[in-house]
Amino acid sequence: MPTISYRLKTINHQLSSSPPLNACLNYGILLIIMMKASALAHPNIAFIKYWGMIDEDRRLPANDSLSMNIGCLSTRTAVTLDPQLSEDVLVLNGEAVSGTAQKRVQAFMDHIRQQADNPAYTLVESTNNFPIGAGLASSASAFAALALAGSTAFGLNLSEKALSSLARFGSGSACRSIPGGFVEWHTDPETGESYASSIVHPDHWKLIDCIAILSDEHKPVGSEAGMKTAESSPLQQTRVLDAPRRLEACREAILQRDFAALADITELDSNLMHAVMMTSDPPLFYWHPQSLALMKAVRAWRAEGLNAAYTLDAGPNVHVICTQDSMGEILSRLRHFPAVIDVITGLPAGPARLLT
Ligand code: DP6
């Protein structure tokens, strides 16, 4: 359960039924409610990627996608309502943040304020245990944790489906960090319904995501800005049209624990997304030379009999997905690979959850 604390002060607040609070109002005592909730969420790595939107206002993606939550990486976020504030205050890894990041959080919190019918601004304190903005899907875990902590702090008790649907307004991929394990994000363009749900729980297949860090610098063009130009690539339509087939093949590979099939479809999907990025106007080159060298090495390792497959998000770091029996050898090779500065590993993880 979230921490909820009440503080007496000024107010013009329509409170519902809590007897002690009503008693306060009856006595004409001016009252303010200070509510706080904290949540944790994991980032996710997509095997079938989302890139491009068909409707920016309703945040509807061009294609459905499929991902796995990454254990050991997480964002923890606490949201505290404070009616004394005149805007949302964002504190990221202990430092107050202004500019684009604060505006993005405030725009997201507006969705929650609207649903809760409560105009209060908030203090948002968030910490990540991994580098942000380097293609490790920090916005996914950030907005999943914020959706859960924020909606709870405002007294909303949203279902998983409603939370996932809400989280995508912060960052599309965040909707996939709400449910646990292996997750699909579906959209019905007719109704505008768009949310993610689990296809299997985290224990179904103990794949490991070994993330080879080639750079922990903030990428120059984030996903949000980058995907706005997706339609300018002559390859985007082809990528999107073929997405249902790839998604089906990927789901089947996961359900059957068929690593060879998963490797083929995951690498194809990653290559297709990067082909779109590189052929957009202006072109986006997220790979570093060593990203490509590592992708080629991973394919060679697979040809040797190791279970390893690569996928890259909007950044140069290479996610090497492997099975438990291949992990030791893969980790040792990654750690010795030129330009790899660190390797982070994560098993499939559970859903976003409230912290006490
Ligand atoms: C390359 O969810 O970060 O990681 O919705 O604009 O915030 P916005 O983008 P974001 O895009 C993620 C794109 C990706 C692929 C994926 O995770 O599906």
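The model contains an open sheet of 4 strands, ordered S3-S6-S11-S12 and paired in the antiparallel sense. Strands here are DSSP runs of E at least two residues long, numbered from the N terminus, and two of them pair if DSSP finds at least two bridges between them. At the edges sit strand S3 (44–48) and strand S12 (193–200), each pairing on one side only. Going from one strand to the next, the twist averages 30°, with axes taken as lines fitted to C-alpha atoms and angles running from 0 to 180 degrees between N-to-C directions. This is a predicted model, where local features need pLDDT of at least 70, side-chain atom pairs count only at pLDDT 80 or more, and totals for chains, interfaces and linings use all residues. Residues are numbered from 1 along each chain as its sequence is written, and side-chain values use heavy atoms, leaving out hydrogens and water.

Within the sheet, strand S6 (residues 65–69) runs antiparallel to strand S11 (residues 182–188), and the two share 4 bridges. Serine 67 stands opposite valine 183 of S11.

Another serine, serine 126, belongs to strand S10 (residues 122–128). Serine 126 is buried, at 7% relative accessibility (buried is under 20% relative accessible area, exposed over 50%, partly exposed in between, with a 1.4 Å probe and protein chains only). Setting aside neighbours within four places in sequence, serine 126 contacts Thr75, Arg76, Thr77, Val91, Leu92 and Asn93, a contact being heavy atoms within 4.5 Å.

As for the cysteines, the structure holds 0 disulfides, a disulfide being a pair of cysteine sulfur atoms within 2.5 Å. Cysteine 72 is partly exposed at 47% relative accessibility, whereas cysteine 175 is buried at 0%.
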